[in-house]
Amino acid sequence: MSDMTYEQAIKRLDEIVFLLEKNEIELDESLSLFEEGTKLTAFCTKKLNEAKQKISEIEKD
């Protein structure tokens, strides 16, 4: 996941949400997708926080 961009992670999250909302997959796959989605959400949150921090540093200069 570390080689993934923010945009790629968001796109994958959209795919996961779509699959989960269809309710056409087995429970085990749903759990696996949910776990992946949770990790992607954490990844995106980290990237956004890093971007906010960088913007704050730039504004200080």
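This is a short talk on the shape of one protein chain and on a few of its residues.

Morning, everyone. A caution before we start: this model is predicted. Keep that in mind as we go.

Let's take the whole chain. How many helices and strands are there? Two helices, and zero strands. Now, is the chain compact or spread out? Its radius of gyration is 15 Å. The globule rule gives 10 Å for 61 residues, and 15 Å is well over that, so the chain is more spread out than a compact globule. The box around the C-alpha atoms tells you about the outline. Along the principal axes, that box is roughly 50 × 15 × 15 Å.

Next, the surface. Of the 61 residues, 15% are buried. The accessible surface comes to about 5,100 Å². Carbon and sulfur atoms hold 54% of that surface. As for charge, the chain has 9 positive and 15 negative charges. Their mean positions sit 6 Å apart.

What about contacts along the sequence?

Now to helix α2. The helix runs over residues 27-60, which is 34 residues. At 1.5 Å a residue, α2 should span 50 Å. The C-alpha atoms at its ends are 49 Å apart, so the two values agree.

Which residues of α2 are buried? They are Ser30, Leu33, Gly37, Leu40, Phe43 and Cys44. And what covers them? The cover includes α1, residues 6-22.

Start with Leu48, in helix α2. Leu48 has 40% relative accessibility, so it counts as partly exposed. The cut-offs are under 20% for buried and over 50% for exposed. Leu48 also pairs up with Tyr6 for a distance check. In sequence they are 42 residues apart, yet C-alpha to C-alpha they are 8.5 Å apart in space.

Then Ile58, again in helix α2. Ile58 is exposed, with a relative accessible area of 56%. Compare its position with Glu36, 22 residues away along the chain. Their C-alpha atoms are separated by 33 Å.

Last stop on the helix: Glu59, in α2. Its relative accessible area is 64%, so Glu59 is exposed. From Glu59 to Ser2 is 57 residues along the chain. The C-alpha atoms of that pair are 27 Å apart.

One more residue, and we leave the helices. Where is Asn23? Asn23 is in the loop between α1 and α2. Buried or exposed? With 67% relative accessibility, Asn23 counts as exposed. Its backbone deserves a look too. Most residues other than glycine have a negative phi. Asn23 is not a glycine, although its phi is positive, at about 55 degrees.

To recap: two helices, a chain more spread out than a compact globule, and an exposed Asn23 in the loop between α1 and α2. Thanks. Over to you for questions.

Note on methods
Residues numbered from 1 in each chain as written. Predicted model: local features only at pLDDT ≥ 70, side-chain atom pairs only at ≥ 80, totals over all residues. Heavy atoms only, no water. Helix = DSSP H or I, 4+ residues; strand = E, 2+ residues; numbered from the N terminus. Rg over C-alpha atoms; globule rule 2.2 N^0.38 Å. Buried < 20%, exposed > 50% of the residue type's maximum accessible area, 1.4 Å probe, protein only. Areas by Shrake-Rupley, 256 points an atom, 1.4 Å probe, with all protein chains shown as cover. Lys, Arg positive; Asp, Glu negative; His and termini not counted. Charge placed at Lys NZ, Arg CZ, Asp CG, Glu CD. Expected span 1.5 Å × (residues − 1). Contact = heavy atoms within 4.5 Å.
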